[in-house]
Every structure is written in C-alpha cells, then in structure tokens.
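Okay, thanks everyone, I'll keep this short. Let me put the structure up and we can walk through it together.

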Amino acid sequence: MAAQLTLQAPLALPPAEVQPYLQRLWSTDLQGAAGASTFTLVIYEASWLQQQLIRTGRLDGPITGLLDRSLIEQARQAVADCGLPLSTAAMDQRLAWALGQHPGQHQPEDLRGQFVDTAISEHMPRRLITLAPTLDASLPLEARVAAFCPLVDEGAGAAQACGDVVVLRGGLGSLQQGLPLVDPLVDQGLPCWVWWNSSLDEAPELLDALARPGRRLVVDSSLGAPRRCIDLLVERIQSGQAVNDLNWMRLRTWRESLAMVFDPPSRREALDHVVQLDIDVEGDHTLKGLLLAAWIADRLGWHLINSFAVDGDGAGSGVGAEFQRTDGATVQFRLMPVPVGVPRTHPGAMVGLRLICAPPGRTALCVILCSESGGCMRLEAGGMASMELLEEVVPVPDESEEMELARLLGGGHDTTNPLLAAAAPVAARLLPA
Amino acid sequence: MSEVLTNPLRVGLRQERVVSPQCLVIFGASGDLTHRKLIPALFELFRQRRLPSEFAVLGCARRPWSDEEFRQRMAEAMADDIAQHSSAWEQFSACLHYEPVDLQDPPTVVRLGERLDLIDRQRATRGNRTFYLSVSPAFYGSGCRALAAAGLLSDPARSRVVIEKPFGTDYASAQALNKVVQACAQENQIFRIDHYLGKETVQNILVLRFANTIFEPIWNRNYIANVQITAAETVGVEERAGYYETSGALRDMVQNHLTQILALTAMEPPGRFDPESMRNEKAKVLQAARLATPEEPWKCCVRGQYGPGGSAERPIAGYRQEPGVNPQSTTETYVATKLFINNWRWQGVPFYIRTGKRLPKRLSEVVLTFREAPVHLFDAAGGAPTPNQLILRIQPDEGADIRFEVKAPGSGMRSRPVDMAFSYDESFGEPSDEGYVRLLADAMLGDPTLYTRSDEVEAAWRLYTPLIELMEESPEQVPVHPYEARTWGPAAADNLLAEDGLAWRRP
C-alpha cells in the first residue's frame with residue numbers, strides 16, 4: 001500500500017509556536033472539522049541507513065523514513081561495498097555505521113513525518129509526532145506542522161476524521177532539548193503509542209523520556225545489541241508498560257505454523273515428550289530465535305537449567321541450553337547462526353526449526369519448519385530416518401513495518417501480549433552473559 | 001466435541017481487536033437471552049482480553065433490580081462457567097450494572113441517559129454506547145424512537161443499536177420497521193443480528209469459496225445440479241409456544257437463518273472483505289432469488305406439523321399437545337421449499353431449503369450436488385455413479401465432505417463413492433466460540449459485515465411474500481401436513497424433490 005503525503009506542505013514554525021498554533025488551528029481555522037478521537041502516535045524516526053545511503057549518493061532523496069524496495073537493494077549492495085559479511089542484514093546498524101565512514105555530501109529534502117502509510121492513516125491517528133534526528137548533530141531544532149485527513153476510501157463504512165502531523169527535526173542534542181515540547185502535544189485523554197523506529201542501543205535518555213509509563217511502546221528487538229534489547233523488553237514489561245516488539249510480531253507465522261502441526265488432537269501427546277529443539281537464524285543476531293524458543297519453553301512448561309555459548313558455523317556464536325520438562329526429562333536446545341547469501345531485511349531472521357519428540361513406545365516425531373525464503377538443509381541432515389517426519393514451509397509475510405504497526409494500532413491492546421510477557425524473561429535468561 | 005488435550009502452542013495465539021471503550025446497554029436484561037447468551041459471550045470476550053478496562057454493561061428491564069442483584073442473577077445462571085474462572089468473573093462482574101427502564105416510559109429513558117453519563121465518568125467509557133434490543137419484536141420501533149427522543153442515538157460515531165430477530169413479520173412490516181429505525185439512526189448505526197452468521201462454519205462458507213481456487217470455477221450452473229440447505233432440529237417447540245404460534249418455521253428459521261446461508265452459498269465474490277462489499281453481494285443475490293413457482297407457491301412449498309411419535313416407553317407429544325399451543329393450531333413446524341436464482345451463475349439450478357422440528361437428527365448443512373459425468377465408462381457399485389457432492393456441515397460435527405467415485409478394490413473396473421472428510425474437531429480440536437461472541441464484538445467494534453442490512457432483510461422477506469400471502473389468504477392451498485415426530489417430515493416434502501427426480505440427502 002502506497003504511503004500518502006500530507007495534502008499540504010507542513011508549515012515551518014518556531015518550536016515554541018507549535019502548541020499555540022495547533023490550538024488555534026483546531027479551535028478557529030478548522031472549526032467544525034471532526035478531529036479523530038483515537039490516539040497519538042509518537043515516532044522516533046532515525047532512518048540512519050536511508051540518510052547515509054542518500055548522503056553517499058547510493059540512493060536518491062528525499063528522506064522519507066520508509067523502508068522501500070530500492071533502499072533494501074542499495075543496502076544489500078552497500079554490504080558488499082563496505083566489506084561486511086554477506087549475512088549482514090540491511091537493517092543491521094553496522095551497515096549504517098560503515099556507510100558513515102564513506103565520503104559524501106548529498107543533502108536531500110527531508111520529508112520524514114510527512115509521509116503517512118495508508119495502513120496507519122486508516123486508523124485515523126489524532127496526532128502524529130515525528131522526531132527526526134539528522135546526521136548533522138549540530139543542526140538546531142526545527143518544527144513543522146500540518147493538518148492531515150486520511151484519503152477518503154470508497155466503500156469505507158466509517159466516517160473519516162482528521163488529525164494533525166508534527167515533525168521535530170534536528171541533531172540528537174537539539175531533539176533532546178526539544179523534549180519538553182512533546183508532552184503538551186500528547187492528548188492525555190487518548191492512548192499514546194510510542195514507536196521507537198531505530199536501534200535500541202541509541203539515545204537511551206530520549207527513549208526513556210518518550211516512552212513514559214502509561215504509553216504503549218513499540219520497539220524492534222532485532223535492532224540493537226541482543227542483550228540491550230532483551231533487557232529493555234523485560235524491564236519495560238515488568239514495569240507494567242504495554243510493550244510491543246515488531247521482532248516478536250514477525251515470528252507470528254512461525255508460532256502459527258508450529259501450533260498448526262499440533263492442532264490435530266492425535267499429535268498433542270507428543271508435545272509432552274520433546275527431547276530436542278534446534279533453531280537456525282540468519283547472521284549473528286540471536287534474539288528472534290531465542291524468543292521463539294522461549295515461547296515454546298514457556299508454553300510447554302519447561303524449566304531452564306543452564307545456557308551457554310556454542311561455536312557457530314562461521315557466522316558468530318550460537319546458544320546452547322538444557323531445559324527440564326515437567327516430567328523431569330531433559331530437552332536439549334541449540335540455536336545456531338547460519339551464513340546466508342541473501343539475508344532478509346532485519347537481523348536474525350528465522351531460517352529453520354526442528355523439534356524432536358520421543359513418546360515412549362511410539363515412533364519418534366521430527367517436526368521441521370523451514371523458511372520459504374531459504375532451505376534448512378542443516379536441520380534436515382542426519383539421524384531422522386527412523387522418525388516420523390513432518391516438514392512445513394513457513395510463509396514469510398511480506399509486510400512493511402508500517403503494516404505491522406497498523407496491526408497493533410488496530411488491535412488496540414493496552415497491555416503487553418501475555419505470550420511475549422512470558423517469553424521475554426526466558427529469552428533473557430537463555431542469552432548467555 | 002470429544003474431550004481432547006488442549007494444544008498448549010495454540011493458547012493465546014489469536015490477537016484480535018480490542019473493543020474500544022464503551023458501555024453496552026442491554027434492554028430485556030431480565031430475559032433468557034441475556035443470561036443464556038449475551039453475558040456469557042461478554043464474559044468470554046473478557047477472558048480473551050478483547051474488552052478494554054474502560055468498559056461497562058448496563059442491563060435494563062422493568063424489574064426493579066439493583067446492580068448487585070443483576071450480578072447475582074447472572075452469576076447464578078452461569079454458575080458452571082464461573083466455577084472454572086472465578087477470579088475472572090470477579091473482575092468482569094464489576095463492570096455489570098443495572099437500571100430499571102421501561103422504553104415506553106420517557107422519564108425512565110431520561111434517567112437512563114443520566115445513568116449512562118455517570119458510567120461514562122466512572123468507567124471512562126467516553127460516550128460510546130451500543131444499545132442491544134433484546135425485547136419483544138413489537139417494541140423494536142418504539143424502543144428506537146425512545147432512544148432517539150432521549151438523544152441517545154444522535155452521535156453516529158458513538159452510538160449504535162443492535163436489533164434481534166425477527167425483523168418484521170413480512171415484507172411490509174419489515175419495510176415499515178426499517179423506516180422507523182432509519183428515522184432514528186443512520187443505517188451504519190443499525191445492526192440487525194442473525195446469530196447464524198456468527199457461526200464459524202457459516203463464515204467458513206465464505207473462506208472455502210473465496211480463499212481457494214479449486215471451488216469457485218465450478219461453483220455455478222455448469223457444474224452444480226442442485227443445492228440442498230437443511231436445518232433440522234430434534235427438539236419441539238419447548239417453552240417458546242407463545243412466540244412460535246405467531247411465527248412458525250418459515251418466519252422463525254427460513255426467512256432469516258437459512259436465507260442467509262443461501263446468500264453466502266450463492267453470492268458473487270465481493271471485491272474485498274468489507275461490510276458494504278459483502279452486503280452488496282448478499283443483497284444482490286437475494287434480490288435475484290425467486291420461489292420456483294411464485295405464481296403458484298403451493299407447488300413449490302410444503303408445510304408440515306409434527307404429530308405424536310416416539311415409543312411406548314418414551315412417547316413424544318405432538319405440536320398441538322404441547323403446552324401453550326392451540327389444539328387446533330395450523331402453525332407449521334416444518335417447511336420445505338424450492339427456489340431459483342435468476343442470474344448468470346445459477347439460472348436453472350434448484351435450491352431446496354428445509355427446516356423442521358422433531359426431526360430424527362439435529363443438524364444444519366449445505367449440500368451441493370454436482371452434475372453427473374457425461375459418459376459412464378465404468379460399472380458402479382450402486383448401479384449408476386453417485387454424483388459428486390460437497391457437503392458443508394454447519395452443525396454438529398462441523399466440517400466438510402467431498403464425495404467422489406473411486407475404483408472399488410479388486411479385478412474389474414467398478415466404481416463406488418467415498419468421502420474425503422474435513423472435521424473441525426480432528427483438524428483443530430478446539431471448540432469454536434459461540435456465535436454471539438463474534439457478533440457482539442463486531443457490533444461494539446462497529447463492524448457490520450456479519451449483520452444484515454435493510455435491503456437484505458427486505459429482499460429476504462420479499463422472496464417469501466407469495467407464500468406468506470397465500471398462507472394468510474388461502475391457507476388451505478398450502479396445507480399443513482402432519483408428520484410423525486422424529487421422522488424426516490411429511491411425504492409431500494419428498495415428493496417436492498421426487499418430481500425433479502431427486503431425493504433429500506439422508507444425513
């Protein structure tokens with residue numbers, strides 16, 4: 001779905017004028033217009049990769065904040081040019097950093113915050129506040145404001161209501177200084193979502209200030225060091241905040257596919273007799289695979305005995321662990337990073353999963369789930385001739401981050417998904433220190 | 001559903017939309033539907049985390065109950081369910097409230113408005129309200145008028161009204177009722193409920209047709225010879241004699257539930273799955289549907305009434321012997337009818353619909369019988385090859401079967417029919433939600449996809465108008481044939497198909 005631009009170019013205002021201007025806009029200029037009674041969405045939109053690709057002349061501007069196909073293609077090309085391992089995902093922050101070492105002075109128009117994905121605008125946000133840090137850390141704070149109405153969709157039953165867009169742009173330091181402007185812009189009577197659309201390693205003070213308790217936080221735990229990401233998830237969840245993780249959401253088809261295997265009642269008993277769980281992930285970002293393992297362990301009532309680093313296959317360290325089942329038997333777990341030629345966009349994408357169940361007195365059952373974007377030959381290899389083999393290909397949903405976010409906004413949940421809340425602490429303990 | 005182990009990997013996977021903050025107001029809160037269906041459905045939604053913390057239920061009826069009394073009565077009626085989820089009930093029941101209201105008494109409706117304002121403040125429900133009219137159909141119009149007069153339907157973005165069936169008693173009364181409610185609220189505020197549309201298996205007709213490529217190319221007159229839609233009940237009239245005597249099987253089952261199934265079975269694919277696209281296609285197909293012989297409805301419709309049956313040890317009373325039923329009653333407890341749909345897809349394909357009480361089995365199903373193979377190359381075990389059939393089992397034993405011919409084992413080339421079966425139980429092993437769970441959530445979310453629009457309701461009534469008029473003006477022309485309880489209805493219903501060289505499927 002194409003993103004739409006605000007119908008009018010946003011008005012540049014001194015930052016201190018934003019709040020009075022918006023009050024005037026709704027009370028006088030737009031008198032009679034229906035302001036959406038929905039939610040505020042605050043987005044930290046760093047887009048470092050896009051900024052660097054454009055600055056170095058690999059991509060044409062403007063800067064939009066959207067992760068489109070041409071950006072991904074150029075990022076893949078840049079991985080090779082920067083001498084990074086081929087398994088490096090486009091969104092791996094090391095790529096943006098490596099590009100930062102390359103020369104380039106292209107300065108395109110910056111339209112971040114002015115493009116609104118249709119999937120998001122369909123939910124009629126009352127206010128979109130975008131914080132857009134610039135590569136030039138010395139830039140002062142700029143503000144732009146526009147009223148915004150979703151495009152009227154023929155056949156849509158519900159009435160469309162308008163909102164407004166606020167963009168705060170500048171170097172990280174000036175964004176930090178501009179933070180006092182944000183709180184008054186958030187309608188206290190409406191839910192507020194904060195989407196940290198960048199690495200969780202950066203600007204922790206800014207994150208803390210934006211993602212205050214009571215606001216629904218959206219992060220992507222594939223962006224940032226796994227330890228920092230999982231600790232932040234656990235800390236926020238345990239504080240009672242509603243936390244949504246796009247990395248966890250992208251596991252949806254894996255959870256669904258594995259559950260489907262055991263939907264027929266005749267297979268359910270096998271779940272009590274799992275002896276081995278293996279997961280392969282792309283590259284060296286292990287968190288997604290650990291979250292999936294943690295979900296399985298939690299759902300099946302396994303107790304983690306220990307976890308340890310294991311040597312990977314040339315793509316970083318893997319994770320090994322032992323779990324104890326409810327009947328006291330042991331489950332062996334291995335997560336291995338595997339090198340791939342064409343990685344998916346986000347670090348640590350799932351490659352495959354193997355679950356071996358050994359019910360007493362029955363043929364062992366081996367379930368293998370493979371990503372449709374790549375094979376899982378390693379998991380298929382060896383030792384399964386005597387087992388009942390169930391193989392499924394897991395579809396890879398081709399959905400943008402905005403689509404995923406729109407799904408969250410539409411869901412309207414004001415608490416953390418209980419499956420994530422239960423899995424995150426287990427994943428944190430699985431990740432070796 | 002047989003007892004099975006829960007799939008632990010399935011628990012919690014569904015992440016469905018949370019209802020926006022609001023107050024659900026149930027009129028007729030002291031009635032059966034409230035404690036049998038509505039409150040259990042809301043409790044289920046609560047346990048599925050689909051209700052926000054800013055939520056309230058306000059039960060309304062004439063009885064002078066307090067909040068606590070209302071909670072207590074609901075708890076008593078749902079004791080078994082609550083016993084398994086006592087802490088959840090404790091939280092949920094805190095959002096149950098009660099206000100004595102008589103919709104015919106304006107001061108109490110004004111008081112209702114004040115109570116709703118108070119609930120908005122206490123529970124932050126933000127003025128969003130869904131009014132559920134679970135009252136006598138005679139009060140649908142006046143109920144809507146009372147709500148409108150009190151200003152409770154004035155904001156189309158924040159208020160909506162759910163109206164139970166039956167919506168009218170014939171075409172004229174449905175039109176009149178539509179005019180009344182549309183004068184009180186916009187069409188997108190009006191949710192006419194048909195609980196059959198809340199059933200997973202009814203919705204599965206859409207998925208089966210429009211999410212697969214193997215069915216739709218043959219889903220037309222070129223391949224389908226006839227369609228049978230059956231809703232059979234084993235029970236009699238039970239405690240509903242008062243209502244049933246004025247409605248009968250045609251109004252109670254055929255005009256609404258079975259006609260909705262007909263619409264889903266026969267409609268064209270919508271451009272997309274949104275309320276208006278869906279309802280446009282359903283309305284179009286219903287507008288194209290006709291009784292097989294509208295000028296002579298007695299030729300395409302059979303009515304029946306169950307008589308005594310059962311065994312000497314366990315006798316079953318006939319309809320006229322049931323408590324509350326007129327001993328001379330001519331109300332039909334069985335209807336079979338033949339329809340055509342005059343469009344390109346279905347021209348010439350008969351649709352047979354039947355429903356009845358005190359039949360041998362409880363079941364609802366749609367059976368699509370395909371045309372015979374043009375040439376019979378092989379001997380068939382049954383004399384002639386059995387036509388292919390697709391059987392959509394709506395309840396019980398939910399699922400679908402495809403019947404086709406295979407080679408019977410042994411020398412020679414004899415064919416015999418076999419069934420390829422899909423069973424919800426075997427594939428999913430989890431009970432599906434009650435229809436009201438889905439429908440209540442949709443209403444509160446403002447999604448009318450599974451609710452019937454005014455033109456659909458009117459088209460459904462218009463379809464049966466020749467028959468209804470005949471039943472009222474010359475009932476002797478559509479006589480009520482007696483049939484023995486726990487048999488498959490009167491012989492005349494078999495003749496309806498026998499004239500076309502067909503027979504009802506014996507499920």
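So, let's start with A428(A), which sits in helix α16 of chain A, the helix covering residues 418-430. Keep in mind that this is a predicted model. Is A428(A) buried or exposed? It's buried, because it has 20 C-beta neighbours inside 10 Å, and 20 is the number a residue needs to count as buried. Who does A428(A) touch, then, if we skip residues up to four places away in sequence? The partners are I230(A), D231(A) and V234(A). There's also L290(A): 138 residues separate L290(A) from A428(A) along the sequence, yet their C-alpha atoms are 8.4 Å apart in space.

Okay, zooming out to the domains. Chain A splits into domain 1, residues 3-246, and domain 2, residues 252-394. Going by C-alpha atoms, the centres of those two domains of chain A are 35 Å apart. Where they meet, domain 1 of chain A puts in 14 residues and domain 2 of chain A puts in 16. Which helix gives the most on the domain 1 side? That's α9 of chain A, residues 226-238, with three residues. If you sort the domain 1 side by class, you get nine nonpolar residues, four polar ones and one charged.

Next, the contact between the chains. Chain B brings 26 residues to it, and chain A brings 25. On the chain B side, the elements giving two or more residues are α10 (275-288) and α11 (424-428) of chain B. As for what that chain B side is made of, we have 12 nonpolar residues, nine polar and five charged.

Last stop, staying in chain B: helix α12, residues 435-445. How many of its 11 residues are buried? The count is 10, so to speak a mostly covered helix. The buried ones in α12(B) include Y436(B), R438(B), D442(B) and M444(B). And what do the buried residues of α12(B) pack against? In chain B, that would be the strands β1 (22-27), β4 (129-133), β5 (159-163) and β6 (190-192), along with helix α1 (32-47).

Conventions. Residues numbered from 1 in each chain as written. Chains lettered and ligands numbered in written order. Predicted model: local features only at pLDDT ≥ 70, side-chain atom pairs only at ≥ 80, totals over all residues. Contact = placed C-beta atoms within 7 Å. Helix = DSSP H or I, 4+ residues; strand = E, 2+ residues; numbered from the N terminus. Nonpolar A, V, L, I, M, F, W, Y, C, P; charged D, E, K, R; others polar. Domains from an automatic or database assignment. Buried ≥ 20, exposed ≤ 12 C-beta atoms within 10 Å, placed from the backbone.
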